[in-house]
Amino acid sequence: MNQPEPHEFEDREALAQALSNRIATALSDAIELRGRALLAVSGGSTPRELFKALSVEEIDWSKVTVTLVDERFVPPSHDRSNHRLVAACLLQNAAAPAHFIPLYNNAETPVEAARQASRQLEQAGDAIDVAILGMGADGHTASWFPGNEGLPELTSPTQEKPVMAAEGTGVPEPRLTLTLPRIAGARLLVLHIEGADKKETLDQALAGEAVEEMPIRAIFNSDAPSVQLYWAP
Ligand SMILES: O=C1O[C@H](COP(=O)(O)O)[C@@H](O)[C@H](O)[C@H]1O
């Protein structure tokens, strides 16, 4: 199992600032090299301060496409929507001109929504420049949940679909999620977690093997570039 490269901070504000600067540099480098940049961010509660810091980074946001690592199958007006969080906290200030590709759309089923989102993502670039992962207390990342029947497909290194529908365990709605090859293929892959409990969960994940118990292990078992771990208490 590949070990992540740790970056630890005294507090969450310092982490948000340092990570925001690193992401901005990686996006600017991508724009300089390829004329555009693709950023995939997670939702949940952790990235709010990071998004605010990132939204004021002075880069050419008009050349940046932002998408989600995963989404709940709810419209952006819903308070559990990750799109809603990104719109409120990231696509503001200097970052307002960025283009956003949602995973949720008006399709009737999560499977059809995933198909549509996959098509859009395929047009956005060959690889994600920066992917920011979060992790739940159960060891899920993206919408790869422990015990999920579809987990082997979502985390297969040969999965060709960039986005798939997923069921969560103990969560109220179906999900849409990037699959392993799309995430592992990111040029800069970051795991952003906060708090002693998440650190303990990560240590547990790194000490074991079974992906179905702690799906984040699929990342460390993959040929992803070295995962950059950003952590603060
Ligand atoms: O459900 C989700 O949870 C994880 C972790 O969220 P947090 O609230 O513990 O930070 C998140 O990474 C994922 O994007 C989200 O959909």
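What percentage of the 233 residues in the chain do buried residues make up? They make up 45%, where buried means 20 or more other C-beta atoms within 10 Å of the residue's own, exposed means 12 or fewer, and partly exposed is in between, with C-beta atoms placed from the backbone. Before going on, know that this is a predicted model: local features need pLDDT of at least 70, side-chain atom pairs count only at pLDDT 80 or more, and totals for chains, interfaces and linings use all residues. Residues are numbered from 1 along each chain as its sequence is written.

**Stop 1: the whole chain.** Show it as a cartoon, and you can look for eight helices and 10 strands; these are DSSP runs numbered from the N terminus, helices being H or I with at least four residues and strands E with at least two. The radius of gyration is 16 Å, close to the 17 Å that the globule rule gives for 233 residues, so the chain is as compact as a globular protein of that length. That radius is taken over C-alpha atoms, and the rule is 2.2 Å times the number of residues to the power 0.38. Along the principal axes, the C-alpha atoms fill a box of roughly 45 × 40 × 35 Å.

**Stop 2: helix α3.** Select residues 82–89, then pick out the buried ones: Asn-82, His-83, Leu-85, Val-86 and Cys-89. They cover an arc of only 160° around the axis, which puts them on the same side of α3; the arc is that of the directions from the helix axis to the C-beta atoms.

**Stop 3: the ligand.** Now select the residues around the ligand, including Ser-42, Thr-46, Asp-70 and Met-135; each has its C-beta atom, placed from the backbone, within 6 Å of it.

Stop 4: Go to the loop between α3 and β5 to find Asn-93, which has a positive phi of about 50° although it is not a glycine. Asn-93 is partly exposed, with 14 other C-beta atoms within 10 Å. Next, jump to Ala-142, in the loop between β6 (130–133) and α5 (151–154). Its phi is also positive, near 45°, but Ala-142 is buried, with 30 other C-beta atoms within 10 Å.
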